[in-house]
Amino acid sequence: MAISQNFPEEKPTLNLNFAGSRVLDPRITLSRSSVGTYMDDNGLLKTAAADEPRFDHDDVTGESLGLLIEESRTNLIPYSAVNTTNWNFSGQTPVSLSLNALGVFPGVRAISNGQVWHGLHISNISLTSGTTYTATWYFRKGDINPSNKFRAIIRDVPAAKVTTFEKSSASTDYGDISSYSFSQNTDVTTNFEYLSVDTLADGLTYKLCIRFNASASSDYRFMFQTNSATVGETIIALGLQVEEGEFPTSYIPTSGSTVTRNPDNVTMTGTNFSDFYNQDEGTVYVSQKLRAVQDTVRNNVVYLINGGNQLDYYYNTKAGGNHIFVFGDGGTIYRSFGKGGINSIDSKTAWAYDVSSDDFKAYYNGIEATNETNNNTPSATSHTKLELGSTATAKYCGHIQQFVYYQTRLSNAQLQNLTK
């Protein structure tokens, strides 16, 4: 088979290779009315100014992930970097360090004075009953007489009740999620779950992410503890983020109050849009990686907008119960995959259309879209705007690695091979 039958010979009119170039095309407008953080290729947390793009990297492998786009989130912890001035200590006298872990955390050594609960805690924060929260703990094993253990507490302060999670064996790996266990008090939390635990790229720092529902509208306290009854054994507390939501997002630094990171909005309009786009036929390819598969309106990766209507042509990694892909026109779904939507974290998707001949086809990770709810190609034309990762109300959270557009309808074989 000729190369042109396998892969397109023609050049795309738009090729946004965010993961490869780590540069924002000047035709793209990115707005975010706050600072935001990202991980650089050296494993350090960096701060991007308002409206500055964030080209993120995997905090374990250092892999370039592409353009980070997130919804708005608030870190409820007023001092996100643990310190001996603004954090409280129990049963021992902690020691300030100068580690500069991940480029932002100085670190505090917590020392057991003979009880497992000796450690550090932040001032009480208010949580709401029934609301889902995620918490991210940054820490290192102790540098003096390390116990190779770790314990954390979520405490309903007025009720004096706790949910505890811990690494209790000195011989297990900090970076292995099976090393951890929890004891949930349902008067404090429900639906407690470990989401992930990672050994970060520096080989020293651990990031533990949990999710829970608050059982009460109350003041809660979050604690780092040594989990050792041996005097002198230590852990190193670095930082903490607690945010409302089903999954953790990028680190939000705070220093004295809660801080909100505003959403990222990525658009292309005017002649920047019309110069690359063909109203009558075309092909779109997008490679992306979600933070998490969310509900039906919060995974929208691509919008091609007609006359202000934000339901024209779009790609959504989950619509309804389990769909991976949707191609719509004014709210009508035309093509979708019927399986695997709950697992569609990583995807390479391409779709092609020809309005004049009612010819549309989509592929996802090399698989043909066959579950059709309408046999026609959407009729809407006169598109004026491209949005990546967001609309006014439906926010995508994840990384867009590449977005490519061809002004012709590629063959089905080419679509399939692009997405393998």
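**Close-up views of a predicted model**

Lys207 counts as buried, at 15% relative accessibility.

**View 1. Lys207 and Asp59 pair up in a salt bridge.** The closest N and O atoms of Lys207 and Asp59 are 2.6 Å apart. Lys207 belongs to strand β18 (residues 206-214), while Asp59 sits in the loop between β5 (55-57) and β6 (64-69). The two residues are 148 residues apart, so this pair links distant parts of the chain. Asp59 also counts as buried, at 15% relative accessibility.

**View 2. Arg211 meets Glu193 in another salt bridge.** Here the closest N and O atoms are 2.7 Å apart. Because Arg211 lies in strand β18 and Glu193 in strand β17 (residues 189-199), the pair ties together parts that are 18 residues apart in sequence. Glu193 is partly exposed, with a relative accessible area of 34%.

**View 3. Arg32 and Asp264 join their side chains in a salt bridge.** The N to O distance is 2.8 Å. Arg32 is found in the loop between β2 (29-31) and β3 (36-39), and Asp264 in the loop between β21 (259-261) and β22 (265-269), so the pair ties together parts that are 232 residues apart in sequence. Both Arg32 and Asp264 are buried. If you widen the view, you will find a network of salt bridges that links Arg32, Arg54, Glu70, Arg261, Asp264 and Arg291. The structure holds 18 salt bridges.

**View 4. Asp156 is buried yet has no salt bridge.** Which side chain of opposite charge is nearest to Asp156? That is Arg155, 7.7 Å away. What the side chain of Asp156 does make is a polar contact with the side chain of Ser218, at 2.8 Å. Asp156 itself is placed in strand β14 (residues 150-156). Beyond its neighbours within four places in sequence, Asp156 is in contact with Lys161, Asp187, Val188, Ala216, Ser218, Asp219 and Tyr220.

**View 5. Thr283 is buried in strand β23.** This strand covers residues 281-290, and the relative accessible area of Thr283 is 0%. The side chain of Thr283 reaches the backbone oxygen of Thr408 at 2.7 Å. Thr283 and Ala350 lie 67 residues apart in sequence, with a C-alpha to C-alpha distance of 7.0 Å in space. Setting aside neighbours within four places in sequence, the contacts of Thr283 include Trp351, Ala352, Val404, Tyr405, Tyr406, Arg409, Leu410 and Leu415, along with Thr408.

**View 6. Cys209 and Cys397 are two buried cysteines.** Cys209 has a relative accessible area of 2%, and Cys397 has 0%. How many disulfides does a search of the whole structure find? The search finds zero.

**View 7. Stepping back, the protein chain has four helices and 33 strands.** Buried residues make up 54% of its 420 residues. Among contacts between residues at least 6 apart in sequence, 69% join residues at least 24 apart. The accessible surface of the chain comes to about 16200 Å², and 45% of that belongs to carbon and sulfur atoms.

How values were computed
Residues numbered from 1 in each chain as written. Predicted model: local features only at pLDDT ≥ 70, side-chain atom pairs only at ≥ 80, totals over all residues. Heavy atoms only, no water. Disulfide = S-S within 2.5 Å. Buried < 20%, exposed > 50% of the residue type's maximum accessible area, 1.4 Å probe, protein only. Lys, Arg positive; Asp, Glu negative; His and termini not counted. Salt bridge = Lys/Arg side-chain N within 4 Å of Asp/Glu carboxyl O. Polar contact = N/O pair within 3.5 Å; in protein donor to acceptor, adjacent residues only side chain to side chain. Contact = heavy atoms within 4.5 Å. Areas by Shrake-Rupley, 256 points an atom, 1.4 Å probe, with all protein chains shown as cover.
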